[in-house]
Amino acid sequence: MSFPRLLHGSVFLLRAFRVARIGIVGAALVLAACASGPRDHSVDGYAGKSLEDQVKERAAKRWEALIRGDLETAYGYFSKATRETYPIELYRTKMRPGRWRDAKVDSVKCTDGLCEVVVTVTIDHTRLKGIVTPVAERWIVQDGVAWYVYNG
């Protein structure tokens, strides 16, 4: 075998190993991100607050995350049953962050572990800016903590 051909084969192998190494590192990073999963926003900081106040605060924080485009944090407010039936990958593909400008929780009414929340949301569309619309949400109380029920 000639030296140039041998050299070309060695360079090819070095490049292949470099690409493989980058791929392995990238895959490890993706797996680490997936393994950490969405943050679970449980009981922290809600002791002593009324249920309505807790739901209002959690709904506002969920909308803040949506406005920032942080879908993992917003997904962390989903109820356990919602997370079991609606995977985060599907949620990421369905949601389109960047269209909401502002959100304000207007009312919270809770009865028998179910809360009805009305949020006024300001939406920016490509042709129309500043559309203000009410959004109705349902939150369920499990183990003393309110969780968002996503309707998909």
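I started from the aromatic cluster: ring pairs join Tyr75, Phe78, Tyr86, Tyr91, Trp139, Tyr148 and Tyr150. I kept in mind that this is a predicted model.

**Entry 1. Ring pairs.** I searched the whole structure for aromatic pairs and got 11. I then looked at Trp139 with Tyr148. Their ring centres are 5.6 Å apart and the planes meet at 55°, so I logged the pair as tilted. I went on to Tyr148 with Tyr150. This aromatic pair is tilted as well, with 6.3 Å centre to centre and 55° between the planes.

Entry 2. Are Trp139 and Tyr148 buried or exposed? I found both of them buried. For Tyr148 the relative accessible area is 9%. For Tyr150 I read 18%. The cut-off for buried is under 20%, so Tyr150 falls on the buried side.

**Entry 3. The strands behind the pair.** I checked where Trp139 and Tyr148 sit in the sheet. Trp139 stands opposite Tyr148 of β4. Strand β3 covers residues 131-142, and its pairing with β4 is antiparallel over 5 bridges. The two strands make a hairpin with 2 residues between them. I looked at the turn too: Asp143 there has a positive phi of about 55°.

**Entry 4. Charges over rings.** I looked for charged ends placed over aromatic rings. Arg62 has its charged end over the ring of Tyr148, at 3.8 Å from the ring centre. So Tyr148 carries this charge over its ring as well as its ring pair with Trp139. I noted a second case at Trp147. There the charged end of Arg83 sits over the ring, 5.3 Å from its centre.

**Entry 5. Thr82.** I turned to helix α4, residues 80-85, which holds Thr82. Its relative accessibility is 6%, so I put Thr82 down as buried. Which residues does Thr82 contact, leaving aside neighbours within four places in sequence? I found Tyr148, Val149 and Tyr150. Two of these names, Tyr148 and Tyr150, were already in my list for the aromatic cluster. I also checked the side chain of Thr82 for polar partners. It makes a polar contact with the side chain of Ser79, at 2.7 Å.

Entry 6. Tyr148 is buried, lies across from Trp139, pairs with the ring of Tyr150 and is in contact with Thr82.

Key
Residues numbered from 1 in each chain as written. Predicted model: local features only at pLDDT ≥ 70, side-chain atom pairs only at ≥ 80, totals over all residues. Heavy atoms only, no water. Helix = DSSP H or I, 4+ residues; strand = E, 2+ residues; numbered from the N terminus. Buried < 20%, exposed > 50% of the residue type's maximum accessible area, 1.4 Å probe, protein only. Polar contact = N/O pair within 3.5 Å; in protein donor to acceptor, adjacent residues only side chain to side chain. Contact = heavy atoms within 4.5 Å. Pairing = 2+ DSSP bridges. Phe/Tyr/Trp six-rings, centres within 6.5 Å; stacked < 30°, edge-to-face > 60°. Lys NZ or Arg CZ within 6 Å of the ring centre and 35° of its normal.
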